Amino acid sequence: MMTSHSMRQYIRHPTDIPIAIEKSQDDDSVAPEEQATRLQNISSGGMCCTTSRPYPVGEKVKVAIRAFSPPFEIIAEVMWCQYTTLGYETGLSFLSSEDAYAARMVEQICHIEHYKREVFINEGRMLSAEEAAQEWIDKFATEFPDSDPLAG
């Protein structure tokens, strides 16, 4: 019997950690236009987010999470985009395995920061980054899917 851990392909992103998408130009540089968005899930090959406007399939965009110092930024390719009542669900593909690995590390940091805030709000405990990371790992790391889909 498969466990829920082995069946999960995506992880939920805490929606209180904002991300931004910048539209690229024809020469692969990135235009100054930017929009805030919500990341819905992330996998070893890409991510899905909700945007306020459509992006053409094949377009390259910069994905940025500026809640960190230095900010996390990667270029991704739009694989699909479809209208929903909440905006446009946009599927993005990472361009390299290094970007995919880095995105997953950022995803874990987002979850730890979210956990740190939730503990403060719900329990009144102020955790250091290290304490929050250790507690989150102890409680939730087994639910975090493997970065390698072929790993057993």
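Trainee: How many disulfides does a search of the whole structure find?
Mentor: The search finds zero disulfides, a disulfide being a pair of cysteine sulfur atoms within 2.5 Å. This is a predicted model, in which local features need pLDDT of at least 70 and side-chain atom pairs count only at pLDDT 80 or more, while totals for chains, interfaces and linings use all residues. Residues are numbered from 1 along each chain as its sequence is written, and side-chain values use heavy atoms, with hydrogens and water left out.

Trainee: Is cysteine 48 buried or exposed?
Mentor: Cysteine 48 is buried, at a relative accessible area of 8%. Buried means under 20% relative accessible area, exposed over 50%, and partly exposed in between, with a 1.4 Å probe and protein chains only. Cysteine 49 is buried too, with a value of 0%.

Trainee: Changing topic, what is the secondary structure of the chain?
Mentor: The chain has three helices and seven strands, in the order α-β-β-β-β-β-β-β-α-α along the sequence. Helices (H or I, at least four residues) and strands (E, at least two) are DSSP runs, numbered from the N terminus. Of the 152 residues in the chain, 38% are buried.

Trainee: Which residues have the most contacts inside the largest nonpolar core?
Mentor: They are Met47, Val61, Val63, Leu92 and Phe94, in a core of 20 residues. A nonpolar core is a set of buried Ala, Val, Leu, Ile, Met, Phe, Trp, Tyr and Cys residues joined through side-chain atoms within 4.5 Å.

Trainee: And which elements give two or more residues to this core?
Mentor: They are strands E2 (19-24), E3 (30-42), E4 (46-51), E5 (60-65), E6 (72-84) and E7 (87-94), together with helix H2 (97-123). There is also a second, separate core of seven residues, including Tyr115, Leu127, Ala133 and Trp136.

Trainee: What is methionine 47 in contact with?
Mentor: Leaving aside neighbours within four places in sequence, methionine 47 is in contact with Leu39, Asn41, Ile42, Val63, Thr90, Gly91, Leu92 and Phe94. Contact means heavy atoms within 4.5 Å.

Trainee: Where is threonine 90, and what does it touch?
Mentor: Threonine 90 lies in strand E7 and counts as buried, at 1% relative accessibility. Not counting residues up to four places away in sequence, threonine 90 touches Met47, Cys48, Cys49, Thr51, Tyr55, Val78, Trp80 and Cys81. Threonine 90 and serine 52 are 38 residues apart in sequence and 9.9 Å apart in space, C-alpha to C-alpha.

Trainee: Now the helices: at what angle do H2 and H3 pack?
Mentor: H2 and H3 (residues 129-140) pack at about 105°, with their axes 9 Å apart. Axes are lines fitted to C-alpha atoms, for helices over the stretch in contact, and angles run from 0 to 180 degrees between N-to-C directions. The two helices are therefore roughly perpendicular, a label for angles of 65 to 115 degrees, with under 35 roughly parallel, over 145 roughly antiparallel and the rest oblique.

Trainee: Which residues meet there?
Mentor: Gln108, His111, Ile112, Tyr115 and Lys116 in H2 meet Ala129, Ala132, Ala133, Glu135, Trp136, Lys139 and Phe140 in H3.

Trainee: Is glutamate 131 buried, exposed or partly exposed?
Mentor: Glutamate 131, in helix H3, is partly exposed, with a relative accessible area of 41%.
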